[in-house]
Amino acid sequence: QQQQQQQQEAEPHETTPNATTELSRSTTSTSTTSTSSSTAHRRLSLLDEIGNIQRRYLRKEPPKVVFGALLKALLQLMDSEYGFIGEIKVDEDTGAEYLQSHAITNIAWNAATQQFYTENVDSGLKFTNLQTLFGHVIRKKEPLIANSPQTHPSAAGIPEGHPPLNYFLGIPFFASEEEEEDSSSSSTNNNNNNNNKIMNGMVGIANKPGGYSQDDIQFLEPFLLTCSNLIQAYGAIRQNQYILETLEEKVLERTQELKEANNQLHIANTKLQLSSAAQLEHFACMSHEIRTPLNCIVGISSLLLETDLDPMQQESLKMMMTSGELLKTVVDDVLDYSKLVSGKVEIAIQQTNLQDTLDAVVHSIQMKAMERNIHVRTYYDPDVPPFVDSDSRRMQQILFNVLGNAVKFSKERGKVELHVELVQEDESVVEE
């Protein structure tokens with residue numbers, strides 16, 4: 001009986017710890033489920049906001065509006081008081097990096113800071129002092145959690161009247177074409193990898209109740225990727241606009257140059273036409289002046305041939321008349337210069353005594369050749385027909401130039417020979 005009583009007294013003491021353990025497990029499970037549900041809800045809210053921002057971008061809303069909505073979503077999701085989203089740029093003169101805001105909370109604390117904010121917010125506030133908390137992020141290219149910002153080595157202090165800075169979180173983001181490491185890798189490895197990437201911007205937020213943690217950085221990874229993509233996208237748009245504007249300027253400049261060149265060409269053509277007209281007029285006057293004495297020479301020579309002359313005198317007069325007629329042909333060609341310029345030279349084809357045509361040229365050349373003791377000889381192939389269809393005047397002009405050059409460039413006491421042979425004959429063409 002005593003043993004049974006002792007067992008009965010002992011049983012309540014054994015069941016009480018078991019009941020307490022079960023209650024504790026139930027409470028822990030409920031707390032974990034609640035935390036997981038809250039985290040999932042925040043992630044869904046984050047993705048919804050990112051989708052909303054992307055739709056704004058696709059609707060081609062201005063960068064100021066898109067980044068403003070992005071910053072507003074960031075502050076709500078992170079329960080923060082104020083912050084900024086900025087792009088990292090490089091000064092063209094010094095090569096130093098600086099931060100230019102795309103969206104920033106208005107925390108002006110007096111009239112001067114309010115005026116500064118109003119005048120510069122649209123174009124973006126420019127921050128060049130990197131000896132600050134956000135400068136630490138730019139210099140190190142790594143996130144910064146400062147839950148005691150006033151004691152951080154990079155803290156530069158805040159001006160009098162500035163809203164309190166109790167907690168600060170700064171996170172860089174990088175160009176999307178650089179491949180990200182696996183999301184499961186450690187934060188330290190990610191920071192080391194960041195040093196080899198191109199940092200194109202950062203976000204900074206302040207005063208989340210209780211401070212910031214590494215979980216916040218991991219939570220914002222999709223948000224940071226969105227920021228990076230937007231900065232690159234708007235940068236590409238600006239670059240394309242610059243190219244188009246530059247191209248338009250170059251087209252206008254080139255058009256102006258072509259217009260000026262055309263004007264100069266028109267002026268040059270006008271001068272050339274006037275000069276050509278003056279030359280033609282001069283040639284025409286010269287030709288008429290030359291033709292008058294030539295007609296006199298040829299006319300007197302023909303009259304002398306009707307008088308009593310010995311054979312040598314007759315032959316000399318005939319050569320004089322032939323040379324005069326040839327010279328008249330040259331004068332006529334000068335008068336035809338305008339036709340030559342316009343490509344309208346007429347060829348007069350008619351039946352011609354070939355031997356008489358050639359002898360007239362040869363006799364004219366012989367007079368010049370005799371001065372240098374050069375003999376000019378002509379050989380006719382018996383197969384050459386006595387009459388051919390040709391422009392005798394043009395043929396004489398060509399032969400006169402060819403034989404004249406032959407005499408001119410031959411040595412004294414040399415000889416020049418003209419061979420006339422039949423190469424081919426048909427009903428329509430005779431080649432010589």
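Buried means under 20% relative accessible area, exposed means over 50%, and partly exposed lies in between (1.4 Å probe, protein chains only). By that scale V251 is partly exposed, with a relative accessible area of 44%. This is a predicted model: local features need pLDDT of at least 70, side-chain atom pairs count only at pLDDT 80 or more, and totals for chains, interfaces and linings use all residues. Residues are numbered from 1 along each chain as its sequence is written, and side-chain values use heavy atoms, with hydrogens and water left out.

**Overall picture**

- The protein has 432 residues, and 29% of them count as buried.
- Its secondary structure comes to 11 helices and 12 strands. Helices (H or I, at least four residues) and strands (E, at least two) are DSSP runs, numbered from the N terminus.
- A contact means heavy atoms within 4.5 Å. Of the contacts with a separation of 6 or more, 72% are between residues 24 or more positions apart.
- The protein exposes about 28400 Å², and carbon and sulfur atoms supply 53% of that area. Accessible areas come from the Shrake-Rupley method with a 1.4 Å probe; for residues, only the protein chains shown count as cover.

**The six-stranded sheet**

- An open sheet of 6 strands runs in the order β3-β2-β1-β6-β5-β4, with antiparallel pairing. Its edge strands are β3 and β4, each pairing on one side only.
- Two strands pair if DSSP finds at least two bridges between them.
- Strands of a sheet pair through backbone hydrogen bonds, either parallel or antiparallel.
- Strand β1 is mostly covered, with 7 of its 9 residues buried.
- On one pairing, β1 and β2 run antiparallel and are joined by 7 bridges. Here V90 stands opposite E97 in β2.
- The hairpin of β1 and β2 has 6 residues between the strands, and G95 in this hairpin takes a positive phi near 75 degrees.
- Strand β1 also runs antiparallel to β6, through 6 bridges. In this pairing G86 stands opposite M202 in β6.
- Strands β4 and β5 are antiparallel too, joined by 3 bridges. A146 has F168 in β5 as its bridge partner.

**Helix α4**

- The buried residues are L133, F134, G135, H136, V137 and I138.
- Their cover includes β1 (82–90), β2 (97–104), β3 (126–127), β4 (144–146), β5 (168–174) and β6 (199–206).
- T132 caps the N-terminal end of α4, with a side-chain oxygen 3.0 Å from the backbone nitrogen of G135.
- Just after α4, K141 takes a positive phi of about 55 degrees.

**Salt bridges**

- A salt bridge is a side-chain nitrogen of Lys or Arg within 4 Å of a carboxyl oxygen of Asp or Glu. The whole structure holds 8 of them.
- Side chains of opposite charge can pair when their charged atoms come close.
- E87 forms a salt bridge with R238, with the closest N and O atoms 3.8 Å apart. This pair links distant parts of the chain: E87 is in strand β1, R238 is in helix α7 (residues 221–304), and they are 151 residues apart.
- E87 counts as buried at 11% relative accessibility, whereas R238 is partly exposed at 37%.
- D216 and K208 form a salt bridge at 3.0 Å, N to O. Both D216 and K208 are buried.

**Around E61**

- E61 is found in the loop between α1 (2–58) and α2 (63–77). It counts as buried at 17% relative accessibility.
- A salt bridge joins the side chains of E61 and R56 (3.0 Å, N to O). R56 is partly exposed, at 23%.
- R56, R59 and E61 are linked in a network of salt bridges.
- A polar contact of 3.1 Å also joins the side chains of E61 and R59. A polar contact is a pair of N or O atoms within 3.5 Å; within protein, one must be able to donate a hydrogen and the other to accept it, and residues adjacent in sequence count only if both atoms are side-chain atoms.
- Not counting residues up to four places away in sequence, E61 touches R56, V66 and Y234.

**A surface patch**

- V251 is found in helix α7. With L244 and L247, V251 forms a nonpolar patch on the surface, with about 270 Å² of accessible area together.
- Patches are made of residues with over 30% relative accessible area and no salt bridge: like charges are joined within 9 Å, nonpolar side chains (Val, Leu, Ile, Met, Phe, Trp, Tyr) within 5 Å.
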